[in-house]
Amino acid sequence: MDLLLRGTIVAPEATLKNGWIAVKDGRIQAVGQGDDAPEATRTVDHGDALILPGVVDGQTHATSCKGMPGIANTTCGALAGGVTTLVDMPYDNPLPLDRPERLEDKKAAIAEHAHADMALYGTATRETGTGLMRELIAGGVCAFKISSFESSPTRFPRIGADLMLDMMEVLADTDLPLGLHNEDQEIVHARMAEARAAGRDGIEAHAEARPMAAELAATAQFLALAQASGAHAHPVHLTGAEGFDQVSAFAGLGARVTGETCVHYLCLDAARDGERLGARMKVNPPIRPGRVEGLWKAIEAGQVAFTSSDHSSWPIDNKLTDSIFDAGAGVPGLQTLLPLFYTLAEARGLDAARLTAEQLSTRPAAFFGLDSKGAIAPGRDADFAVLETGDVVFDETEAKDGLQWSPFHGDTFKARVSATYLRGAQVWDGTNILNTPGSGRFVARGTGSWFAKQSQADQGQAQ
């Protein structure tokens with residue numbers, strides 16, 4: 001073997017104390033426990049630390065501010081957070097990924113700049129329609145994404161129900177999901193105008209101007225189109241249990257539907273944290289009051305496909321405005337996703353290590369058809385996040401994402417990422433990024449099917 005790792009291994013079937021992982025040529029060859037490990041050129045013993053599969057962050061915005069070169073800083077932050085694969089959004093700077101040549105440009109940018117592996121969402125626009133979607137699928141995109149709310153005519157244009165349905169009809173005979181930024185534009189515009197006219201410009205006004213009704217209305221229409229077309233529909237940030245109840249209801253009607261939440265919705269509350277954080281916690285859809293408990297119950301009930309960071313690579317200057325409505329939306333999250341989720345799960349008395357591996361690695365890898373990722377099992381890529389447990393205060397000034405700000409600055413996490421491995425190579429040592437730009441690779445969608453995997457899992461539980 002090239003490498004033998006020792007520690008507490010969070011494998012698919014069990015957590016193995018005094019466990020080991022044997023690696024050769026960047027792939028896991030064997031997993032075991034005790035002293036019967038194979039010989040290896042290099043052995044690293046992480047003691048009692050948890051070794052989890054590398055995180056697959058299913059929603060990132062690497063190029064928000066700096067365009068394609070922004071991939072470098074973003075993927076450094078990823079490795080420092082134990083994230084070895086990013087699933088990156090199609091609507092960003094400089095142009096939407098709606099045609100094959102732009103897919104090739106982004107693949108080239110990954111080859112030049114990325115420190116971590118990246119999979120890619122594609123999209124369709126009014127300019128291209130659905131005519132190039134098959135070519136993007138052939139090029140390896142793992143999903144498509146659109147928005148029902150326009151925050152920018154190029155970065156985030158509004159896609160109407162007509163093109164939505166056209167896209168679903170193209171995707172209906174595939175396993176690729178269609179993701180949606182799920183807010184009703186007319187409701188939000190009207191409520192924002194009312195708030196501005198009344199001179200209300202705090203973070204709670206932001207949440208009220210984008211009410212749950214706007215989210216539920218957009219989600220319901222989207223899920224109904226999936227029911228009619230047979231496509232896989234996936235609202236990408238459900239902010240309350242109500243949205244997951246909608247998904248479950250449409251699934252009960254036979255629709256191929258799933259839902260996702262983001263880690264900031266699992267801990268922040270507009271009423272409790274708004275005055276303290278202000279625009280530093282502004283995201284769209286908004287962080288609402290009183291929704292945290294319902295979201296955790298949805299996770300525990302198996303309703304949540306996976307949890308992501310929705311990392312947005314905006315500098316803090318983007319937040320420093322007089323009115324909340326002029327501040328940029330989005331927060332950094334790649335470096336905090338893993339330790340924060342683990343901390344929250346442990347606080348609820350859950351098996352934090354196993355739930356973290358499932359929600360942040362195994363499920364998103366299966367969802368996006370990334371067959372070589374997401375689990376510590378023979379044949380998979382040797383991607384690992386090593387977690388040392390114990391109280392750690394997060395310091396935003398030490399972040400490796402090039403942004404150096406976070407809504408979680410000063411928070412105490414119950415674990416830290418002390419090492420990260422990408423395809424068998426150590427790429428983070430707890431202090432430094434150890435690889436070079438271009439070490440990351442583009443990861444194309446494989447043959448995995450989310451609904452087939454879930455059906456097999458359900459059958460196994462029944463037996």
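**View 1. Just after helix α8, Gly254 takes a positive phi of about 95°.** Helices here are DSSP runs of H or I with at least four residues, strands are E runs of at least two, and both are numbered from the N terminus. This is a predicted model, in which local features need pLDDT of at least 70, side-chain atom pairs count only at pLDDT 80 or more, and totals for chains, interfaces and linings use all residues. Residues are numbered from 1 along each chain as its sequence is written, and side-chain values use heavy atoms, leaving out hydrogens and water.

**View 2. Helix α8 covers residues 241–252.** Look for Gly243, Phe244, Gln246, Val247 and Phe250, which are buried (under 20% relative accessible area with a 1.4 Å probe, protein chains only; exposed is over 50%, partly exposed in between). Seen down the axis of α8, these buried residues fall within an arc of 150°, so they line one face of the helix; the arc is taken from the directions from the helix axis to the C-beta atoms. Among the elements covering them are α7 (212–229) and α10 (292–300).

View 3. A disulfide is a pair of cysteine sulfur atoms within 2.5 Å. The sulfur of Cys76 lies 16 Å from the closest cysteine sulfur, in Cys65, too far for a bond. For Cys267, the closest is in Cys262, 11 Å away, also too far.

How values were computed: The expected span of a helix is 1.5 Å times one less than its number of residues. Contact means heavy atoms within 4.5 Å.
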